[in-house]
Amino acid sequence: MHSFTRMASMMTKRGYHVRRTIALGGLLSTLLITQDQETKTENNFQLQTGLGEYLISALTSFLPPNDLLRGLTSCDFDSRTSNVPNGSRIGRTMSQIKLERAKHSLRDLYDIKWNRPLGEGGFGAVYLGQEKKTGDLAAVKEISKEYTNDSTFQREMNAFWHIRKAGGHPNICGMRENFDEGDFYYLVLDLVQGGEMFDHLIEDGAYSEADAARLVREVGSALSFLHGIGLVHSDLKPENLMLSSKNSSDAVMKVVDFGCAEIIDKTSPYYSSDGKDSVGTTPGYSPPEMIDKSRRSIDLEPSADMFSMGVIIYIMLTGIHPFDVTGESTDQQMNKRIIRNTMPPLRNSPITAHLSPSAIELIEKLIDWNPNTRMTALEMLNHPWVKGETASTGKIANSDKRLKAFRKYKSGIEAQVFASMVQGSDDMEADDATRKMSLIQRSFQKIDSENRGYITTKDLKKLESNKLKAHLAQQENEEDSHLSLSGLSDLLSEHMKNVYLPAGHVIFKEGDEGESMYFINSGRVEITTKDGFRTTTGQGDFFGEGALLHEQKQRSATIKCITPLHAIQIGRDYFEKYMSDGFEIEVAILEKDRLRRQNRAKTILGLQDRLVEETLKKGDYVYMQWEKGNEIFLLEDGVVDINVDGHSVYTVREGELLGEYSTVFGRPRNTSAQCVSGQCKLHVMETKDFDNMMSSNPNVRDGLRDVVFRRELKKAIVFETKKAFPTTEKELKEVFEAIDKDGSGEIELSEVDDLLRKMDKTFTDDDIAKILDSVDLDGGGKIEWTEFRRVFWMPQAKA
């Protein structure tokens, strides 16, 4: 009997298919479905739930005919504590709800389908919501305040806040925001429509260890993150592992239901000291140290989740519960086997005869009876089976053949994914759902433009990659092939390596030689320098590119993991190949590097001791055009407009520099600066102090150079056009074409010279060359539209 057939039989016997999850989280997120149904909503919202016909009869036998949708509490709490937390936990959670609640009303931000709930239960209901600003769909959970003493609610809220504070994770269903309105609390949660992982494995038929390994890898990444931030899920089981979409070929794992979670990080504002006394257990999945009360440690440990993970993997690969081989055991019988360390059939058993030795070794290390030697989430992620190196690849018919068909396009696909990740790092307008996607999933969906759940060779023909075009031109008559998300992950894994690092790990230090860059799939890192600069960044961003761009090959900062980190690492050789595939991507990387140097320089300037504070009111001038200047200013708070002859050139905001022209060029000011906010707080630096900083710190000098010179080009454009600097891409394009007088499509040095000298005849040839260089990102001696647009129009472009 195939493992997926056994799984269907086992799960039907034990009633696993009774529980279905649509809108995620704990209370009201786990729903009972009594019949195949399809919920259709307006504006093309389609949420489908249902089971295959072969499971419906088993499902309905568990439910009364009139039982519609109701919420469940999924883990069993000790009877001595009931399901009510102590007073200190309640007080903290209630205070936190007031502190964390959204400032705007729910109805101001979301359109809610109040007339058609996704589910109803004893605690309230779940509705479909759509964010007005982005159109992003979400699950809106309405909870009556009379139920907020329930332990599940307390635990879930604290877990949601703790996860959100750490930055979230693409494989964890999280809470976006919460509202306190009238008699109800409203939680806005990620909406996941794919159903339980096991359902997909059963319905899709035969699958390989390699398929399962990819899903385990995603759950492992989520667990590594949770454990690294000091949170134990405590109720890990098949029902709490969901898929993001109904297309199994492009779906990713989501860990859900935090109603039994426990925060073990004692420094967290959401920590509760009564965790040991109110811990819950999940029959058949909890480890012996949780079931046997005499063995419990002072605090719940992450190792508890790893035991549960071992049980889940066993079921995935055999279709049988390791502590209930017949499918007929009671909860008490399963727990007794776990406590007695009765090992399930693994070696020399017909149940596991089809498994690779590596898979068996992994399961053994996860269901280790001793929590101190049990495998951790980080160790699991680095296990060769989970990495896909030793998982057997006996797949669904022809899948190996399909993957092989795409290997000839590998370098082109890699370049396209690289481009997608670079572009995603500065996509400030992305909706919340897109920002929470894994990097590979986001790239996959961008290529799969028709949202079919797979990529075809025809899809590749629509892409801009030069390498892909060259390959496809030679394969006009080739049969079209399909590639799933798992297939894409496998295809990319050789040169885009998944790296999993623990919190506190130093990835590299300032001054180290650098041979790779990193894209952050999940987690946060801290960036520090010896001269006092510090910042943080997280999911979707990248770092380490500077050492690959500059001849010195040295790291310019120290990078340390704040939380567990899942990153995609790309070495120098392939970085250079991907950069050569598209000028726009090269420009984006180069500009990001320059912007980082600028931000570092501005921050260091703000750390200087010899700064004098000054406060202006709205309408006051910081300085006037043509007056002599021997000071520069750092804006601490407020907004300052920089204008030429009354026409706005750019706006200076918090943390930005102004007044630098006179200091750098030694000439009277060529603009006016006026406070246009309620008030403006500035730090004033004398010219001699600024000169000393510029001469003593090359990082400050190099970082501010581009800021100063680019502003001069903007001023010259405003001076020439007698209009405010363009605020739309169309207007900017018109300016570019006006400067490009010979219509070559490139702004040359002579054209920059002509523009600048109309504004200021005292500019030297060296000044003009430096101004052109500040926008000429690739060093080609001229400015192309792609560079001009990136510097002056892209969302991250500043004054």
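**Cysteines and their setting**

Cys675 and Cys680 are both buried, a term that denotes under 20% relative accessible area, with exposed meaning over 50% and partly exposed in between (1.4 Å probe, protein chains only). The model is a predicted one, in which local features need pLDDT of at least 70 and side-chain atom pairs count only at pLDDT 80 or more, while totals for chains, interfaces and linings use all residues. Residues are numbered from 1 along each chain as its sequence is written, and side-chain values use heavy atoms, leaving out hydrogens and water.

Cys675 is joined to Cys680 by a disulfide with an S to S distance of 2.2 Å, where a disulfide is a pair of cysteine sulfur atoms within 2.5 Å. The link between Cys675 and Cys680 is right-handed, with 90° about the S-S bond. One disulfide is present in the structure. Two further cysteines can be described by their accessibility. Cys173 has a relative accessible area of 1% and is therefore buried; Cys561 counts as buried at 3%.

Lys141 counts as buried because its relative accessibility is 1%, and it belongs to strand 9 (residues 137–144). Strands (E, at least two residues) and helices (H or I, at least four) are DSSP runs numbered from the N terminus.

Strand 9 pairs with strand 8 in the antiparallel sense over seven bridges; two strands pair if DSSP finds at least two bridges between them. The two form a hairpin with five residues between them, and Gly135 in the turn has a positive phi of about 80°. Strand 8 (residues 124–131) is mostly covered, with eight of its eight residues buried. Strand 8 also pairs with strand 6 (residues 110–112), antiparallel over three bridges. Gly129 of strand 8 is the bridge partner of Ile112, and Gly129 stands opposite Ala138 in strand 9.

A separate description concerns an open sheet of four strands in the order 20-25-22-23, with antiparallel pairing. Strand 20 (506–508) and strand 23 (534–538) each have a single partner strand and stand at the edges, so one side of each lacks a neighbour in the sheet. Strand 22 (residues 524–528) and strand 25 (residues 558–561) run antiparallel and are joined by four bridges, with Glu526 opposite Lys560.

Ring contacts complete the picture. The structure holds 25 aromatic pairs: rings of Phe, Tyr and Trp (its six-membered ring) pair if their centres lie within 6.5 Å, with planes under 30 degrees apart counted as stacked, over 60 as edge-to-face and the rest as tilted. The pair of Phe736 and Trp785 is edge-to-face because the planes stand at 65°, with the ring centres 5.6 Å apart. This pair links distant parts of the chain, 49 residues apart: Phe736 in helix 26 (residues 729–739) and Trp785 in helix 29 (residues 785–792). Both Phe736 and Trp785 are buried. Elsewhere, ring pairs link Phe418, Phe519, Phe542, Tyr574, Phe575 and Tyr578 into a cluster.

Charged groups also meet rings. The charged end of Arg555 sits over the ring of Phe508, 3.9 Å from its centre, and that of Arg669 over the ring of Tyr623 at 4.3 Å; this requires NZ of Lys or CZ of Arg within 6 Å of the ring centre and within 35 degrees of the ring normal.
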